[in-house]
2 protein chains.
Amino acid sequence: MAASSVAALQDVATQLRIDSVASTSRAGSGHPTTCLSAADIMAVLFFSEMRFDPKNPQNPDNDRFVLSKGHAAPILYAAWAEAGLFPREQLMELRTFESDLEGHPTPRLNFVDVATGSLGQGICAAIGIALNARRIGSAYRTYVLLGDGEIAEGSVWEAADAASHYKLDNLCAIVDANALGQSQPTEFGHELERIAARWAAFGWKALVVDGHDISDIRKGLDTARATSGQPTVLVARTVKGKGLSAIAGKEGWHGKALKSGEETDKAIKELEGQFTRTDPKPSIPGPRGASKSETPADYGKLPAPNYKKGDLVATREAWGTALATVGKADSRIVGLDADVKNSTFSDRFEKVASDRFFEMFIAEQVMVGAAMGFAARGAIPFPSTFACFLYRAADFIRMAGISTLNMKLTGSHAGVSIGEDGPSQMALEDLAMMRAIPNAVVLYPCDAVSTERLVAEMAQHKGLAYMRTSRPKTPVTYEPGDTFPIGGSKVLRQSADDKAMVVGAGITVFEALKAYDILKAEGIPIRVVDAYSVQPIDAATLKEGAKAVKGRVLTVEDHYSAGGLGDAVAEALASEGATVERLAVREIPRSGEPDELVDKFGISARHIVEAVKAKS
Amino acid sequence: MAASSVAALQDVATQLRIDSVASTSRAGSGHPTTCLSAADIMAVLFFSEMRFDPKNPQNPDNDRFVLSKGHAAPILYAAWAEAGLFPREQLMELRTFESDLEGHPTPRLNFVDVATGSLGQGICAAIGIALNARRIGSAYRTYVLLGDGEIAEGSVWEAADAASHYKLDNLCAIVDANALGQSQPTEFGHELERIAARWAAFGWKALVVDGHDISDIRKGLDTARATSGQPTVLVARTVKGKGLSAIAGKEGWHGKALKSGEETDKAIKELEGQFTRTDPKPSIPGPRGASKSETPADYGKLPAPNYKKGDLVATREAWGTALATVGKADSRIVGLDADVKNSTFSDRFEKVASDRFFEMFIAEQVMVGAAMGFAARGAIPFPSTFACFLYRAADFIRMAGISTLNMKLTGSHAGVSIGEDGPSQMALEDLAMMRAIPNAVVLYPCDAVSTERLVAEMAQHKGLAYMRTSRPKTPVTYEPGDTFPIGGSKVLRQSADDKAMVVGAGITVFEALKAYDILKAEGIPIRVVDAYSVQPIDAATLKEGAKAVKGRVLTVEDHYSAGGLGDAVAEALASEGATVERLAVREIPRSGEPDELVDKFGISARHIVEAVKAKS
């Protein structure tokens, strides 16, 4: 592997330092000092260790690199420029609106798998990327660079645990231990054995290396490559601001660009003095070999749902059955769960595709993070847990949105309708969380048929999608042949004389239907809409309905009022002059029987009836 | 300490087992087997180890117990019944709507500090509870019981790190290692040395004990009490379902109540056979001593804000100044930050009250979790970080809502107006997250005066509150004497002929004012409202305004459209027949200059002007 000489790699490191300082100075902001500490590591990784095609960052067999400490973005960009992907001059566009070289890396750049900048996430994605090598039969290795401040994030230890559990010897982490955080020294300073001991206790081969000694870094990476059955971490002793005598190892320089002009010029000159220029530029070895190619499944050939109208089936169970069906047909589909597979019913998928199912134990952040990594490498991951516990990974989901990843989340046991387990287990803010991601698809089916159809829809949709499933059994409402396009809705009841339109989703569809029967008996016809696609919402149907009922619209949802179905409907009807009244959960709920809670918290048929009467 | 005999404690454990089985059987749901594994530990803790007043669970000097594995709630309730706080018969009301003995513990019960049931949170709260003992000068000790499946949660390791960093020798964790998760065996089974090694690497004294051997548990607790300078963890080997021969150690019994009738009767009989009835019931020793009492600060005596109209001050900086002011006056106030104190300006508080400031490093979950513990024990914690990184602790904030804790979150650097750092650093969903908590106060001031006034308001408010601050400097807009009650708003511009009402908050207030000037010059007067209290929102003023402008309402916010200011205003006006148009960020943003981004993403004065013209 060591075709590049030490001197040549030192020169690369110097060039990366110069580029990092120059580009941040030009931008007037950024984190040069955290780039300087990582420069030697980056030089060795990109120009001695990793095997990849620098002209095609998406080659499926390229070794992968994840910059978990995303604020060192300028040196990542410099490395790819140095590798020849784009001209060095473009680095000077750093952080400008017109450039994709943003303040922190995002997949707008073809060499970035996942957006980083929220610390502790890149390494979770790296777990998925490393696992994906097994899925596609590739020999690519995955490298991830973390900061030492970053390892305070609990998600790092979720990742550490998962990597050792799955014996990811194709994964190598490097901790750039420059001993300075943003606001003060890091917890450990340069007591690196303490850091290494933690990784070792989590099952990693852990080495302390000198992060400014090319040979020592190389030796560490050699060890990593030679290690089997466990992942390796190099804890690299570095100096923040290394290379610049005025700054190196000093506090108060985090996230500060050098001033353009004299300060920067002097710094560049000092760095230029560090060139040896004795050896030829290193060359990058190509990827190891060809992974197996994938043929996408033919979703048109999936069987129609096999349910009989009126049968009682929980949507969570229908989801599990559906995932098994599409998962059998599509080898890109991957399942992940957090020790609730027998409640979400992801175990049905595990039964038909155990090699593509990953138990992530009770660690939702790495579950979602690994799914992000899978999605970035061509898989279609379906991470699942109770909807309330997806909230544990909210920041990961936010970053997955920024990364526009092809990930399919599922949250079961939504709302007060779970009953006795109480509020800690009730998701009442998941629709808000998912709707807050631009372009995320948010689905909330009410019955088994629509669930099965929508699982296939979300698998085929390119982008982030979420399905909310329910704990109680609900009657099969639709015919096997019914279709449920994303962005659609179903008008379940309507007449020419409707006095109001009631929009529900999930379990409240049935409350609305009950209310319909009661009101019909009293001579008050209403329109009932199943808004199974909460985002995008079916604005056309809602507007038509709102017009027909003279603007008397009622929404009802097993969710808090903020950010859920009611807000979605209200915004769709914002210009229609409709009055959108929202029935939603409006206080912290408590334990009780499902039906009791649906009623006590204001979203039952009784409340719909009352609200419709008050309106009409 | 060992006044209670082994036999007496065994009998207590048997009683707790019986109560756990009986109450879950009666409820028809719950987690009896996870109670059975913990019974001996609970018996020793409550009836041999902990010093507390069983008649007054809120005595400030009581030893504290946190059930981090919240699904073992029935045995917690049984322990307090056994201690004499309430009659044992009440246990049979478990999980019913009328009872506070919910499926998972919540502070509706006076012996519960924080709601648990989302795993990995109780131990974070325990950090704050243990730190609080130092704040009030109490000798109370804090005990926390975790499950072995639970320790996969990264937040557990954030807590482990924080506890050893702060040398919390008044904290003792017990891991109930029953080796079975919900859906399958735990990762480690009974290889408990592997678990202990992780805790040891994180700086804890770590012991493996037999969790069904009263003497061994006691010995472990003796060691914990004798250990100084570091926290202690007992990794307790237990059997899930211990005591019931048909169930003990068997898979498939998680979260399942025994069937009423024969199955339960037989189980109870088997347990009753385990009574020794040889020794008298153990007595509980009272708390160790008196903490110092606190006199609440006189907020009326705080000086008025000291800013000159037109001065440029970022609200984040004004927040730091204000927190220092109220923090100096009120000894209950505690500051916590996640390595960004020099950006949030919480370092101003640290300067005046360093003994009440806690650097939690880059670990937002334990930062918020510790704050929850502080709040539960009478402190007024102000955890702060970038608003986007509070999202990392979303699930903690959700549980803090369920716990109705007196916690004051602050998120800085909100929105696209941060500029060049890019989308990973931009909070655009924090208002949605906070509004999704019923009764949470959500504040978003636009200038230094309102910020300072609102910091004092939130400190005095009883309950969860959130302040969103901004990175850019904004002009001081208000007079030092102006007041800003929670739930209020300020009408900054109005006339009898207003053609529209523009509602902004934070930085968009100034975009609205710029739009006002432009429109005024064109003869189009508008009403401008500063909705600094996003929740509760000033519905009365909004309704009055909407009426005055004939329903032409425009909201503008540096936040995604879902769940933010626009939705809050729209819901407040739902019955008014107003058309509420929302200007908000509607796509994933990118790096750029702050003003450029505010314009490119559709929330600048130019867009307000266009929207008003289109409306009028």
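B:Asp567 is located in helix H19 (residues 565-572) of chain B. In this predicted model, B:Asp567 is buried, with a relative accessible area of 1%. Its side chain makes a contact with the protein backbone: the side chain of B:Asp567 reaches the backbone nitrogen of B:Gly563 at 2.6 Å.

Helix H16 (residues 448-460) of chain B has 13 residues, and the distance from its first C-alpha to its last is 19 Å, close to the 18 Å expected at 1.5 Å a residue. The helix is mostly covered, since ten of its 13 residues are buried. Among them are B:Ala448, B:Val449, B:Ser450, B:Thr451 and B:Glu452. Further along H16(B), the buried residues include B:Leu454, B:Val455, B:Ala456, B:Met458 and B:Ala459.

The discussion now turns to charged side chains. Side chains of opposite charge can pair when their charged atoms come close. Over all chains, the structure holds 68 salt bridges. One of these joins the side chains of B:Asp161 and A:Arg198, at 2.8 Å from N to O. This pair crosses between chains, with B:Asp161 in helix H5 (residues 154-165) of chain B and A:Arg198 in helix H6 (residues 192-201) of chain A.

Other salt bridges lie within chain B. B:Glu317 forms one with B:Arg348, and the closest N and O atoms are 2.7 Å apart. This pair links distant parts of the chain, as B:Glu317 belongs to helix H9 (residues 315-329) of chain B and B:Arg348 to helix H11 (residues 347-352) of chain B, 31 residues apart. B:Arg348 is partly exposed, with a relative accessible area of 26%. A further salt bridge connects B:Asp498 with B:Arg527, where the closest N and O atoms are 3.0 Å apart. Here too, distant parts of the chain are linked: B:Asp498 lies in the loop between strand E14 (490-493) and strand E15 (501-504) of chain B, whereas B:Arg527 lies in strand E16 (residues 527-530) of chain B, 29 residues apart. B:Asp498 and B:Arg527 are buried. In chain A, salt bridges that share partners join A:Asp19, A:Glu82, A:Arg88 and A:Lys281 into one network.

Chain A also contains an open sheet of five strands, with the order E1-E2-E3-E5-E4 and parallel pairing. Its edge strands are strand E1 (64-67) and strand E4 (205-210) of chain A, each of which pairs on one side only. From one strand to the next, the twist averages 20°.

Strand E7 (residues 333-337) of chain A illustrates how a strand may be enclosed. It is mostly covered, with five of its five residues buried. In a regular strand the side chains alternate between the two faces of the sheet. In E7(A), A:Ile333, A:Gly335 and A:Asp337 are on one side, A:Val334 and A:Leu336 are on the other, and all are buried, so both faces are covered. E7(A) has two strand partners to consider. Five bridges join E7(A) to strand E9 (residues 380-386) of chain A, in a parallel arrangement, and A:Ile333 stands opposite A:Ile380 in E9(A). E7(A) also pairs in the parallel sense with strand E8 (residues 357-359) of chain A, over three bridges, where A:Gly335 stands opposite A:Phe357 in E8(A).

Cysteines remain to be considered. How many disulfides does the structure hold over all chains? The structure holds zero. For A:Cys388, the closest cysteine sulfur is that of B:Cys124, and it is 17 Å away, which is too far for a bond because a disulfide requires sulfur atoms within 2.5 Å. A:Cys388 is buried, with a relative accessible area of 1%, and A:Cys446 likewise counts as buried at 1% relative accessibility.

Methods
Residues numbered from 1 in each chain as written. Chains lettered and ligands numbered in written order. Predicted model: local features only at pLDDT ≥ 70, side-chain atom pairs only at ≥ 80, totals over all residues. Heavy atoms only, no water. Buried < 20%, exposed > 50% of the residue type's maximum accessible area, 1.4 Å probe, protein only. Helix = DSSP H or I, 4+ residues; strand = E, 2+ residues; numbered from the N terminus. Pairing = 2+ DSSP bridges. Expected span 1.5 Å × (residues − 1). Salt bridge = Lys/Arg side-chain N within 4 Å of Asp/Glu carboxyl O. Axes fitted to C-alpha atoms, helices over the stretch in contact; angles between N-to-C directions. Polar contact = N/O pair within 3.5 Å; in protein donor to acceptor, adjacent residues only side chain to side chain.
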